[in-house]
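Subject: Structure handover

Hi,

Please have it open while you read.

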Amino acid sequence: MGKIIAIANQKGGVGKTTTAVNLAASLAATKRKVLLIDLDPQGNATMASGVDKYKVHATCYELLIEEQSVEEVVIKETSGLYHLISANTDVTAAEIKLMEVYAREQRLKKALAPVKNYYDFIIIDCPPSLNMLTVNAMTAADSVLVPMQCEYYALEGLTALMDTITKLTSVVNDDLHIEGILRTMYDPRNRLANDVSEQLKRHFGDKVYRSVIPRNVRLAEAPSFGSPVMYYDKSSTGAKAYLALAGEVLRKNDLTKKAQQPTSSVTN
């Protein structure tokens, strides 16, 4: 069964979309079947995948209002070699329409059910706020990956996000858990960044990924060329960092699967 990971942080500008796009591309490069869902009306993940958000035939809007099926809205040709469900400003209207329907938080989970077993990983790029789109992502997801900058206010934002996830777990998704915390835009020369990094490791232990995403010019340039960084400059530190993150995600996923397998007993 495939795994659904929501990339979420209520604070904007922490590398959320960058992480969604480049993690999806890095996982796809390991021959996994990957679907990236752009759930942010800004459509940045769509554009960074080499897809023009103004010319797409359908987006998450049609999916969420049950106008089209997941197979009808999926785009199979992207610069990251993963499949994509796109977004643009139309997705904002979906949130408004969802307020009027029954079980509105279940729409994305219901829509993805037919393809969950087809993909190894489904990555959801959430909006930078707690709205009905984010709640849909959290309801559908198995886990949440949290990108964050190592700065003082980011710690406060992380505490608020953890509280939100705890509340959602008790209300809409009992199985939701933290996949990991990813340090982004990291500068080891910055003393505050190092201090915050140490606090994260003390409080969250092995939930903090060993992989760290550095501040990197190539990483910042890649979206303007409609490409994940590994296809824009595979030798850059940003590309190498996201490949390392994908390796960690795969190892953790393998360990989780092994732990869930029933142990065989031998009877004499």
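Two strands are taken as paired here if DSSP finds at least two bridges between them. Please also bear in mind that this is a predicted model.

Strand β2 (residues 34–38) pairs with β3 in the parallel sense over three bridges, and the bridge partner of Leu35 in β3 is His83. β2 also pairs with β4, again in the parallel sense, this time over five bridges. There, Asp38 has Asp125 as its bridge partner in β4.

On to β4 itself. Five bridges join this strand to β1, and the two run parallel; Ile5 stands opposite Ile123 of β4. How many residues of β4 are buried? Five of its five residues are, which leaves the strand mostly covered. Phe121, Ile123 and Asp125 point one way from β4, while Ile122 and Ile124 point the other way. As a reminder, side chains in a regular strand alternate between the two faces of the sheet.

The largest pocket has a volume of about 750 Å³. Of the 31 residues lining this pocket, Lys3, His177, Glu179, Asn253 and Thr256 are the closest to its centre. Which element gives the largest share of the lining? That is α12, with eight residues. Elements that each supply at least two lining residues include β1 (3–7), α6 (107–112), β6 (177–186) and β7 (208–214). By residue type, the lining divides into ten nonpolar, eight polar and 13 charged.

The second largest pocket holds about 180 Å³ of space. Among its lining residues are Val14, Gly15, Thr18, Thr184, Met185, Arg215 and Tyr242. β6, β7 and α10 (217–221) each supply at least two residues of this lining, which divides into seven nonpolar, four polar and one charged.

Finally, a search of the whole structure finds one cavity of 30 Å³ or more. The largest cavity has a volume of about 50 Å³. Residues lining this cavity include Ala8, Asn9, Gln10, Pro127, Met138 and Leu161. α7 (132–140) and α8 (152–171) each supply at least two residues of the lining. Are the lining residues of the largest cavity nonpolar, polar or charged, and how many of each? They divide into five nonpolar, five polar and no charged.

Over to you, and enjoy browsing!

Best wishes

Conventions
Residues are numbered from 1 along each chain as its sequence is written. This is a predicted model: local features need pLDDT of at least 70, side-chain atom pairs count only at pLDDT 80 or more; totals for chains, interfaces and linings use all residues. Side-chain values use heavy atoms; hydrogens and water are left out. On a 1 Å grid over the protein atoms alone, a cavity is a set of points where a 1.4 Å probe fits but cannot get out, and a pocket is an open set with protein on both sides within 12 Å along at least five of seven lines; lining residues have an atom within 4 Å of a point. Grid points are joined across faces, edges and corners, and a volume is the space filled by probe spheres set on the points. Helices (H or I, at least four residues) and strands (E, at least two) are DSSP runs, numbered from the N terminus. Ala, Val, Leu, Ile, Met, Phe, Trp, Tyr, Cys and Pro count as nonpolar, Asp, Glu, Lys and Arg as charged, and the others, Gly among them, as polar. Buried means under 20% relative accessible area, exposed over 50%, partly exposed in between (1.4 Å probe, protein chains only).
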